[in-house]
Amino acid sequence: MAGSKRQKTTGQASSSGIGSSSGLIPKKWEQPSPVEENDARLYRQDWEWAKFRDSQNARIWDDEKNRQLSSYQDRKLEAKLWKWKMTNGVNTPVPTRVICERTVNVEEFRKIGIVQMFERLGWESVLDWCEDNTHRIYLSEVCEWLSTLKLVNKNEPPSQWKLVGKTSRGNMTMSFETMNRIARFDSLGEQAYDYPSLENFLDNRLNLNDAEQLVDVILPTHPGGEMKRKHMSLEGKILQGISVENILARFGDRGGVRVSDCRVVHALLYGTPTLSWRHIVMMNTWATRESSQRRFIPYARLISAMLVQQNCLPSEALWVSKPVEEFTWGYMKKNWRIEVKFSGNRYVVTDDLGNKFEVRTSGAPPVQEEDMEEEEEEEEEAEPSEARRPRQRYMRPHREINAEVAGFVTRRRVPSYKTFDRGQQEIFDNVSACIGEGREYNQRRETWEGSHESSMLQYWEAQGAHRERMNKFMEEQEMFQAMQRSQMEHFAKMQEEEAAQRRAWEEEEAARRQQEIEANRRRWSAMYVSQQMAINNAKVLHDQERHHRDYQAGLPYAEHSGWTNYSNLPYPQGPSDPTPHWPEAVGSSFIPIPYQPPPQGEQSPLDNYREMFEALTGYPYQPNPPMDPNERYQR
């Protein structure tokens with residue numbers, strides 16, 4: 001008997017901008033790519049790992065197996081060492097060691113009480129978030145991200161952790177915030193969870209923070225020594241089987257049980273401690289990357305979805321095909337040897353070791369003996385991988401949003417509830433669930449309003465402080481600008497004064513130079529006139545002396561003595577022979593300007609030179625030489 005399509009537990013974030021080159025309807029978190037399904041490059045991806053297997057400089061990690069990968073503090077070397085680790089000492093190809101999350105058939109596992117355990121921790125999205133996901137795992141980009149991984153804010157609270165790695169299109173970040181963009185994980189809120197340290201949680205030995213008698217509670221039939229899955233309770237086997245795929249993923253030793261598995265199973269069975277799924281994922285991812293012995297890739301679907309969500313894939317990203325598989329009753333029967341049967345108003349879960357537990361349900365459909373016989377015959381004929389769901393002729397019971405609402409529905413049932421027929425019970429439970437959901441909604445809203453009011457008050461106080469700082473800053477800016485304007489005006493005034501002083505100095509200097517030039521010109525003119533006057537006076541004095549000597553010698557008066565040709569003169573024979581006149585001095589070529597007496601009452605222009613001439617010659621200043629105006633000067 002085939003069951004109907006099951007409903008998802010919660011709404012999930014939708015992927016953006018997803019298309020397909022094949023024309024088919026794209027799956028969620030699928031990158032549009034021109035690479036076809038039959039492209040040969042998809043089948044050659046495993047060949048690329050051979051070069052890392054033969055890397056010689058990457059073998060340094062083989063000599064230091066207990067060393068953490070991040071301790072090398074070289075991202076390129078760490079990437080090479082991680083890829084060498086994935087190929088060293090193993091024969092299986094890398095794509096087969098990829099752990100992909102499975103989806104859980106929520107309707108089937110709710111009937112045996114498994115889903116309620118996840119809802120109690122706020123992990124309902126862990127069960128089926130990848131139900132509609134694409135089968136493509138972008139392995140090359142996932143490996144590139146894991147090989148270059150870096151844990152940021154390690155010393156901060158775990159909610160602030162970030163796993164940052166490189167991809168072909170920049171960095172991709174895994175954090176509490178980015179994981180909740182994929183689906184609503186850890187729905188109880190960050191403050192509701194306990195966050196053990198990475199070392200304590202993954203330690204394979206008991207520590208002080210573990211629950212009392214943790215191993216004895218989870219493995220009731222453990223005889224001592226190595227812990228095996230067969231020693232767990234039946235509920236623990238189911239939870240541990242889901243955990244190694246979706247929670248604390250690992251590749252090998254599926255039949256063994258570790259202390260960290262016990263911590264996860266204890267949290268699901270008893271609700272304590274309240275562990276965060278996102279915290280577990282980040283711790284397990286980082287520890288897997290850091291260890292040289294863990295040669296597998298965990299949470300491949302989650303990392304691929306985050307690569308698409310953060311737009312970190314190249315246009316021709318290669319992938320490997322990993323169809324989304326499902327945990328069902330048929331899967332448990334085939335692989336875990338765990339079988340679920342319905343009897344009366346209860347579901348009975350048994351395994352091959354004889355362990356069993358029962359889950360009673362008031363909403364179970366009444367089953368006739370004939371129907372039971374037909375179902376048993378169909379079970380024998382059906383394939384082991386198929387799981388048949390019990391018949392349901394009435395409306396589906398209301399699905400509570402969490403364990404608190406489910407508890408409220410149970411507590412509200414009146415004593416006469418057992419006398420109701422099934423339809424009335426369903427109506428009564430649905431009304432109770434609506435009331436419980438409304439009360440929880442109002443409670444959450446009141447809590448939110450209280451926290452919102454305080455946060456808004458802090459916000460407005462911060463805004464007021466910011467405005468005060470901005471006002472003070474603006475006042476300081478205005479004062480600074482006024483001071484700048486004052487300085488600029490002062491500088492401009494100083495420049496104007498300096499320019500005026502320079503102009504005045506240049507004018508004074510030009511006037512001084514002009515006066516100096518004029519004084520020099522007058523001085524040289526006076527010296528020239530004085531020299532010419534001295535020459536003329538010397539000529540007049542010479543003529544006077546000549547005339548006086550001629551007069552004493554009885555020689556006739558000669559106005560001007562002529563030129564004497566001494567080469568033609570006869571040799572004198574005696575004193576009575578006539579002698580030529582004494583040679584006249586060479587006359588000056590300067591012709592004095594006739595003196596023009598100044599007009600009546602005005603000063604002569606030459607009077608300005610009187611003192612200068614008298615100082616130069618030593619004689620009283622005479623404007624014109626003392627000469628006969630009737631005398632003609634001839635040379």
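Because the model is predicted, local features are reported where pLDDT is at least 70 and side-chain atom pairs only at pLDDT 80 or more, whereas totals for chains, interfaces and linings use all residues. Residues are numbered from 1 along each chain as its sequence is written, and side-chain values rest on heavy atoms, with hydrogens and water left out.

The protein has 19 helices and 10 strands, where helices (H or I, at least four residues) and strands (E, at least two) are DSSP runs numbered from the N terminus. Of its 635 residues, 39% count as buried; buried means under 20% relative accessible area, exposed over 50%, and partly exposed in between, with a 1.4 Å probe and protein chains only. Among contacts (heavy atoms within 4.5 Å) with a separation of 6 or more, 70% join residues 24 or more positions apart.

Helix 11 (residues 234–246) and helix 12 (residues 259–270) have axes that come within 10 Å and cross at roughly 115°, the axes being lines fitted to C-alpha atoms over the stretch in contact, with angles from 0 to 180 degrees between N-to-C directions. The contact is formed by Glu-235, Gly-236, Leu-239, Gln-240 and Ser-243 of helix 11 together with Asp-261, Val-264, Val-265, Leu-268 and Leu-269 of helix 12. Helix 12 also holds Val-259, which counts as buried because its relative accessibility is 3%. Leaving aside residues up to four places away in sequence, Val-259 touches Asp-203, Asn-204, Arg-205, Leu-206, Asp-210, Leu-214 and Met-227. The C-alpha atoms of Val-259 and Asn-207, which are 52 residues apart along the chain, are separated by 10.0 Å.

Aromatic pairs, defined for rings of Phe, Tyr and Trp (its six-membered ring) with centres within 6.5 Å, are called stacked when the planes are under 30 degrees apart, edge-to-face when over 60 and tilted otherwise. By this rule the count comes to 13 aromatic pairs. Phe-118 and Trp-123 form a tilted pair, because their ring centres are 6.4 Å apart and their planes lie at 55°, and both residues are buried. The pair of Phe-342 and Tyr-347 is likewise tilted, since the centres are 4.8 Å apart and the planes at 55°; Phe-342 is buried with a relative accessible area of 10%, and Tyr-347 is buried at 3%. One aromatic cluster is formed by Trp-129, Phe-185 and Trp-277.

Charged side chains also lie over rings, a placement that requires NZ of Lys or CZ of Arg within 6 Å of the ring centre and within 35 degrees of the ring normal. Arg-67 lies over the face of Tyr-72, at 3.9 Å from the ring centre, and the charged end of Arg-229 sits over the ring of Trp-336, 5.1 Å from its centre.

Most residues other than glycine have a negative phi, and most peptide bonds are trans. Gln-73, although not a glycine, has a positive phi of about 55°; it is found in the loop between helix 2 (60–63) and helix 3 and is exposed, with a relative accessible area of 72%. Asn-311 likewise has a positive phi, near 55°, and counts as partly exposed at 44% relative accessibility. The peptide bond from Thr-272 to Pro-273 is cis, with omega near -10°, and Pro-273 is found in the loop between helix 12 and helix 13 (277–290).
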